[in-house]
Amino acid sequence: MPQGGIAGGAQPAPRRVWYGWQHLIVGLGSLVLLPIGAAAESEGLVLVSLGGLALGGPVTHWANGNVGKGFISLGLTAGCTIGGGMVGGLLGAASDELYAAAGGLVIGAGLGLLTASIIDIAALEYEERWPTGERYDYLRVRSPRLRLAPQVGLVPQAGVAPGGATFGLIGAF
């Protein structure tokens with residue numbers, strides 16, 4: 001049988017797979033936790049939520065073995081968030097209201113983050129997968145790649161930092 005595994009020498013075409021649903025789950029989960037953490041006045045939960053919003057896209061790419069796309073996503077997120085915050089802050093500063101610049105900064109940064117997430121989910125979160133000849137894609141053996149996963153936890157009320165949060169990054173290759 002030829003190298004491609006199909007008689008006649010025809011090579012199977014790669015299949016384009018969208019994994020943006022993983023980013024959506026992280027983003028929506030973070031959006032649900034953000035007001036809960038704010039209402040409970042829990043700085044740790046708010047930071048976890050903001051971390052999920054800011055790093056959900058890059059971590060999703062890294063977890064799927066797409067390290068380059070993860071860094072592109074990180075740059076896109078940082079650039080859009082900072083740029084949106086600057087525009088919002090400048091627009092707010094043109095107002096006579098006392099905290100308009102700060103409000104504009106927060107709203108602009110939030111819209112920038114939303115824009116980066118939409119671009120990331122719509123344009124970057126695809127990968128080409130070659131048919132393996134097996135029915136179940138998750139059983140395939142992948143070549144070694146760097147895998148990163150976030151680790152987040154709330155510290156119980158006893159211990160070194162009561163009421164705090166822990167952040168970490170676990171890697172495998």
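Predicted model: local features only at pLDDT ≥ 70, side-chain atom pairs only at ≥ 80, totals over all residues.
Biologist: How many helices and strands does the chain have, and in what order do the elements run?

Modeller: The secondary structure comes to 4 helices and 4 strands. From the N terminus on, the order is β-α-α-α-α-β-β-β.

Biologist: What share of the chain counts as buried, and what supplies the area that the chain exposes?

Modeller: Of the 173 residues, 29% count as buried. The chain exposes about 11,100 Å², and carbon and sulfur atoms supply 70% of that area.

Biologist: What share of the contacts between residues at least 6 apart in sequence joins residues at least 24 apart?

Modeller: The share is 57%.

Biologist: Which residues of helix 1 are buried, and against what do they pack?

Modeller: The buried residues are Gly20, His23, Gly27, Ser30 and Gly37. The buried residues of helix 1 pack against strand 1 (15–18), helix 2 and helix 4.

Biologist: Why is Ser30 called buried?

Modeller: The term applies under 20% relative accessible area. Ser30 has 6% relative accessibility, and therefore counts as buried. Ser30 has its place in helix 1 (residues 20–39), and beyond its neighbours within four places in sequence it is in contact with Ser49, Gly52 and Leu53.

Biologist: What makes the phi of Glu41 worth noting?

Modeller: Most residues other than glycine have a negative phi. The phi of Glu41 is near 55 degrees, a positive value in a residue other than glycine. Glu41 follows helix 1 and is found in the loop between helix 1 and helix 2.

Biologist: Is Glu41 buried or exposed, and how do you know?

Modeller: A residue is called exposed over 50% relative accessible area. Glu41 has 71%, so Glu41 is exposed.

Biologist: Why is Pro58 called buried, and which residues does Pro58 touch?

Modeller: Pro58 has 0% relative accessibility and so counts as buried, the limit being under 20%. Pro58 has its place in helix 2. Not counting residues up to four places away in sequence, Pro58 touches Gly70, Ser73 and Leu74. Pro58 and His23 are 35 residues apart in sequence, while their C-alpha atoms are 8.9 Å apart in space.

Biologist: Why are helix 2 and helix 3 described as roughly antiparallel?

Modeller: Helix 2 and helix 3 pack at an angle of about 170 degrees, with axes 7 Å apart. Angles over 145 degrees count as roughly antiparallel, and the two helices are therefore described in that way.

Biologist: How do you know that the span of helix 3 agrees with expectation?

Modeller: Helix 3 (residues 67–93) has 27 residues, which at 1.5 Å a residue should span 39 Å. Its end C-alpha atoms are 39 Å apart, so the two values agree.

Biologist: Which residues of helix 3 are buried, and which helices do they pack against?

Modeller: Gly70, Ser73, Thr77, Gly84, Gly85, Gly88, Gly89 and Gly92 are buried. The buried residues of helix 3 pack against helix 2 (43–63) and helix 4 (100–124).

Biologist: Why is Leu76 called partly exposed?

Modeller: Leu76 has a relative accessible area of 22%, so Leu76 is partly exposed. Leu76 is found in helix 3 and, leaving aside neighbours within four places in sequence, is in contact with Ala116, Ile119 and Asp120. The C-alpha atoms of Leu76 and Gly57, 19 residues apart along the chain, are separated by 9.8 Å.

Biologist: What makes Ala78 partly exposed?

Modeller: Ala78 has a relative accessible area of 37% and is therefore partly exposed. Ala78 lies in helix 3. The C-alpha atoms of Ala78 and Ala109, 31 residues apart along the chain, are separated by 9.6 Å.

Note on methods. Residues numbered from 1 in each chain as written. Heavy atoms only, no water. Expected span 1.5 Å × (residues − 1). Buried < 20%, exposed > 50% of the residue type's maximum accessible area, 1.4 Å probe, protein only. Contact = heavy atoms within 4.5 Å. Areas by Shrake-Rupley, 256 points an atom, 1.4 Å probe, with all protein chains shown as cover. Axes fitted to C-alpha atoms, helices over the stretch in contact; angles between N-to-C directions. Parallel < 35°, antiparallel > 145°, perpendicular 65-115°, else oblique.
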